[in-house]
Structures are given as structure tokens and as C-alpha cells.
Number of protein chains: 2
Amino acid sequence: MRAEIIKLLRKHAHEFVSGEEMCRCFGISRTAIWKHIQLLRQEGFDIEAYSRKGYRLLGEPDCLFPENVAAGLVTKVFGNQIDYHDQINSTNERAKQLARQGALHGTIVIAEEQLQGKGRLGRFWYSPSGTGIWLSMILRPKILPFEAPKLTLLAGVAAARTIQQVAHLTPEIKWPNDILLKGKKVSGILTEMSAEMDAINFVVVGIGINVNLLPEHFGPELEDIATSLAIQKGEKISRVQLLQCFLLEIEALYEEFLHNGFEDILAEWKQWTNLLGRRVKITMLSHEFFATIVDIADSGALVVEREDGERQHVVSGEVSLDINA
Amino acid sequence: MRAEIIKLLRKHAHEFVSGEEMCRCFGISRTAIWKHIQLLRQEGFDIEAYSRKGYRLLGEPDCLFPENVAAGLVTKVFGNQIDYHDQINSTNERAKQLARQGALHGTIVIAEEQLQGKGRLGRFWYSPSGTGIWLSMILRPKILPFEAPKLTLLAGVAAARTIQQVAHLTPEIKWPNDILLKGKKVSGILTEMSAEMDAINFVVVGIGINVNLLPEHFGPELEDIATSLAIQKGEKISRVQLLQCFLLEIEALYEEFLHNGFEDILAEWKQWTNLLGRRVKITMLSHEFFATIVDIADSGALVVEREDGERQHVVSGEVSLDINA
């Protein structure tokens, strides 16, 4: 009902809509209308009310209602279907569920808040309400499972472009899936897939972007390693605009990947990364070692040179830049 | 209730159990007992009945009741948990569902009949009631997604060993996932996974073995390309024994893979295959070409030599042996 009320008020932008007209439209009492208006105000809508004139919409909160996201979105397919949640455990889990039920390529899941937001390898991704982009996309690419890691790199490039365009900040990408600002994590990507050995059923690309989180959101535990666009910029950033830009960029990159291959995207990824030529500590399942990062392979693997001069591909593991050497 | 009745009769193997005792045990009427006995007979149990003596179990059908499978199964983990169905759409779909709900490594799903049995790339696998092994196993290996195709090859070796040991027939493996007898398909493997880019959530290895299907099961459409152990052997094969043997073999191979690597398993796979050195037609998504199969790579990919002498890895596609050349 509240979505309907907002639609009506939006249609009459800058004009008053009388309480009487709204009662007729929705078949509910003036008292009921008033209660809905109060709740909308609590959600951040700025609604003026005069007893003789009615109601007028002055401003909207920066929330990711599907109609807000769809208005002005110029993608072809990405975001054509939007599954929106005020609160959800995990957008990736929801997207996988929808994908299993047959949701179309390009469907997106967005939430204002994730209670159990997921990072890589089962880690937690802090996703407080109304502060970030907590997004998962369903893709059905006709590629082989071993090529799927390229989608993580591709999403990283889309996120970096978006942050630069919308927030005018210049991020760095840390292999495989982190976007950093001044060395602190501002965005992370979690790509999951369901596949046969030689065919992908579906891929879910999840991305979290810390947009308007404040220092008090992070607290002492996280403030040294995480940041937000608002903290770095010193002002709030429009989440709707950021989301629309990201969807447009990732759709463009995805189409380029399918039609022209991965070469140019990888080249751009290398320009965004802070890793090439650096000496790092690499932690794999059971052991760690020091190495210099030489390149990123076509497969998306890290090419490193160990201290004994031998070159090695790293497909999984952690890279620590912060070493005393 | 019928499972309980069978358990009681089994406990008193070769002895009569009186109807009166059964009434006491189960708290139901003699008429009800009699109806259950009639249904059990229809299911293939051979039960003798005399009015003064009661009931005696003379023989059991070859069905895959968990208690039949568990009796004499000497694996460590595989098959410790059995999810049994008289009829199911697809054991792989069911196994994926259980895995998402947290089912343990080694859990198996078996069914007497699959209504929508799945083959590779969405194809149908014909799975009529009581005639085959329609099995899916849940595995949680700590390997990277790109290594998962090795599990298909490993399962193929386990199936080949099992067919040789139990049916005394010598099958051939056709890359990537078919087991053939006299050039006709007797078994197929469908491996699916849910994964992040650098960690597997779970793998489901599904296998269908045509055990006791008769020529009339296949009909003219399938009889040229498919066969069963019973057709090749000229007699029925115990499905329980075959299933137990397969679980033991695949568990042994799986442990060898994790502890000693894939080398020896791949070497054995090469001995079972009919492909090495053969000239074949390879069909990939959009094109086909002729080539000679030179080797299988460590990754599980086919190494082929094209007519122009160039070598190529084939990770996905169809191999046709039946070419006019």
C-alpha cells in the first residue's frame, strides 16, 4: 500500500494530492492514509501535509526500491528483474535459490541490510541497513567452469570503474576480489557457481560496496581494515546512482568478454591492481611463503616468482601486502 | 510398518513367526498383518504362510533398502548415511538439496526408479524401477574447482573395477563419463558441484549403472546404443552386491586421490579407456573436427592431435568413435 501511495505522490510531483482523493484511490479511510504517511516519513520520505490541501512529496530517502533503481537504468538485461528485500540473510543465498528455480540471466537481488552477509571462504560481510550496495546477480554464461574466475576479475573492474565515475575516487584492486581505497577494503566480490564438469548451470556474482557507512559503523575492530566511499569522500554518495552505474559497467564488460574475449579486460584489471611487481606473503591452505608478483595469467591465476627464482601459478590463497621486508 | 515386519521375519530367519506375536508386536489386527504380507509378496518377498504356524521369510527381492545395503558394507564413510527412495525425480537433484541442507560427506542417495534421471548436459537417463543402480554421492573434498573433473574420471575407474569384479565383464571407458560394454553404454556419470571460485562447497557424483534391464526395456530406439550387465552376462546380477562393491572401490580411489595424488588413478584410467591412439570426430559447441587422441592430461582434459599436426586440449565436447575413416 505504501509503495502505491508513493507512486501516486510521485506522479503529482510538486503538487498536493488531497486526502480525499487518496481515500477514493485506495479504498481506505483518511486515518489509515495518515498512518501510512507517518510510516513513510519514518522511512525517510519527506512529505508535507496541510489539512485543506493534502499531501506533497518533497524528498525521497536514498533507498533501493526497485522503482527507484529501474528509473533511469539503461542496461539491456542486467536488473530487468529485481528481487528487493528490506532485510535478508544473504543476497547470494537468495540469488542461488532463485537461480535454481529458473530465474532469468540478469536477475538481481538487492537488500537494504544483510544479517548474514557472506564474504569469501565463509567469512562474514558486515552489511548494515541502508548504507551499502548489497547485490547479487544471476548469470548464465555459456563458458566452462574453469573460466568462471574471470567473472570475479571482470566484476572487480566494473566496481573500480563505478567508484571512479560516481564517487571520483581512485580505487585499487587486490587479487582476487577486494577493492581498496587508501589500503582499506571498500568492496568485496563473492562469485559462486553451480556447474557440471563441462557446463555451468548458473553463476551468482555477489558484490558488497561500503557506500555510506560512517566510522561508528566499523568500530575499532574494523576501522583499520575497512572504509566506505562516504568516509573517503567526506560526503554521502547516492546508492541508486552507484548501483545503476555498476550494472551498466558490468553488463558492458560481460558482453565484451563473451564477444571479444578476456584480453582487454585483463589488461584493464592490471592497471587497477596494486600488486604487480610487489613482494608479498602468500598464504595457502597449509603453508605460506614470500614471493614477488609478476603477472596475472589469462586464467585469472596470480603468477609469482618465489625467492628461489621459480615461477608458480597461485589460483587460491591470501595475499598480504603488509610485510616487513 | 512393512519394513518392521520384514525386520522381525529376518530376525527369525528360517523360523515361523505367529500372526499372534506379530499382532502383539505391532499393535494391529491379524487382518492388517495379512494385508501387509500380501503387499510384501507383491514387492517380491517370498513369504510362506500357514494358519497354525504363522509366517516365514524364504527369500527377498533384490531391492536396495538401506538395511540391505548396509548389511555387509565395509566402507569407512561412503554410505554411512543412506537416503533411499522407491521413486524419485532425480537422485542428483535430491543429493544437491541434501548437501545444501548440510548433509555429511559420504551421504548417498539411492532410488529404485528415477522419473527424470539426468545425464550430462541436461540429457535424460532412462532409469526404470528395480533394474539399475541409480546413485548419487555427496562429497566435500578440499580441492579447487578446476580439479573437480578428476572426480568424474575416478568414478569411472571405480565403476569399471566394480563391473569386472562383480559381473566378470570387461568394460571400456569412453571420455569423459561413459562406461561401455561391446561398444554400448552400460553406465554414465554426472558430476555436479557448488563452488566459490577457490573453494568447493560440495560435489555430487551421480552414477547410473544399467544392471538388470532387459532388451524390452530399451526398445528399438536405445538397443543399438545401450545395454545392461544382465544382457551381456545372460543372467541377473545382484544390485546390492554391485552397489556395495562400487562404494568400496570409489572410497578407496577417493582416499588415494587425496593422499597420494591423481597420477596412479589416471594411469589406471588410461588402461580402461578405448580411446588412446584412435582417430575420432570431436564435436564442440559450435564446430566439429577430426583428430587422433594422444593422451589424457593431468587435468582430465583430452589431448588430441589435429589433422594439421597441432596438439590441442579438449575439456568439453563429444567424442565419436564411429567414423568412416
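This is a predicted model: local features need pLDDT of at least 70, side-chain atom pairs count only at pLDDT 80 or more; totals for chains, interfaces and linings use all residues.
Two packed helices are described by the angle between their axes and the distance between the axes.

| Helix pair | Axes come within | Crossing angle |
|---|---|---|
| H2 (residues 19-26) and H3 (residues 30-42) of chain A | 9 Å | roughly 100 degrees |
| H1 (residues 2-11) and H3 of chain A | 10 Å | roughly 85 degrees |

Angles from 65 to 115 degrees count as roughly perpendicular. With a crossing of roughly 100 degrees, H2(A) and H3(A) are therefore roughly perpendicular to each other. On the H2(A) side, Gly19(A), Glu20(A), Met22(A), Cys23(A) and Phe26(A) make the contact, while H3(A) supplies Arg30(A), Ile33(A) and Ile37(A). Sorted by class, the residues of this contact between H2(A) and H3(A) are 5 nonpolar, 1 polar and 2 charged.

The axes of H1(A) and H3(A) cross at roughly 85 degrees, so H1(A) and H3(A) are likewise roughly perpendicular to each other. Here Arg2(A), Ile5(A), Ile6(A) and Leu9(A) of H1(A) meet His36(A), Ile37(A), Leu39(A) and Leu40(A) of H3(A). The contact of H1(A) with H3(A) comprises 6 nonpolar residues, 1 polar residue and 1 charged residue. Ile37(A) takes part in the contact with H2(A) and also in the contact with H1(A).

**The contact between chains A and B**

In the interface, 26 residues of chain B touch 26 residues of chain A. About 2,000 Å² is buried between the two chains, and carbon and sulfur atoms give 59% of that area.

Between chain B and chain A there are 2 salt bridges. One of them pairs Asp198(B) with Arg120(A), with 2.6 Å between the closest N and O atoms. On the chain B side, the elements that give two or more residues are helix H5 (91-100), helix H6 (149-167), strand S8 (184-196) and strand S9 (199-210). The most comes from S8(B), with 7 residues. By class, the side of chain B that touches chain A has 12 nonpolar, 8 polar and 6 charged residues.

**Salt bridges**

Over all chains, the structure holds 43 salt bridges. Among them is the pair Glu93(A) and Lys96(A), whose side chains meet with N and O 3.2 Å apart. Glu93(A) and Lys96(A) are separated by about one helical turn, because they stand 3 residues apart in helix H5 (residues 91-100) of chain A.

**Backbone features**

In chain A, the peptide bond from Trp175(A) to Pro176(A) is cis, with omega near -5 degrees. Pro176(A) lies in the loop between strand S6 (172-174) and strand S7 (178-181) of chain A. In chain B, Trp175(B) and Pro176(B) are joined by a cis peptide bond with omega about -5 degrees. The loop that holds Pro176(B) runs between strand S6 (172-174) and strand S7 (178-181) of chain B.

Lys182(A) is a residue other than glycine with a positive phi, near 50 degrees. Lys182(A) is placed in the loop between S7 and strand S8 (184-196) of chain A.

Definitions and conventions
Residues are numbered from 1 along each chain as its sequence is written. Chains are lettered from A and ligands numbered from 1 in the order in which they are written. Side-chain values use heavy atoms; hydrogens and water are left out. Axes are lines fitted to C-alpha atoms, for helices over the stretch in contact, and angles run from 0 to 180 degrees between N-to-C directions. Helices (H or I, at least four residues) and strands (E, at least two) are DSSP runs, numbered from the N terminus. Angles under 35 degrees count as roughly parallel, over 145 as roughly antiparallel, 65 to 115 as roughly perpendicular and the rest as oblique. Contact means heavy atoms within 4.5 Å. Ala, Val, Leu, Ile, Met, Phe, Trp, Tyr, Cys and Pro count as nonpolar, Asp, Glu, Lys and Arg as charged, and the others, Gly among them, as polar. Buried area is the accessible area (1.4 Å probe) that two parts lose on being put together, summed over both. A salt bridge is a side-chain nitrogen of Lys or Arg within 4 Å of a carboxyl oxygen of Asp or Glu.
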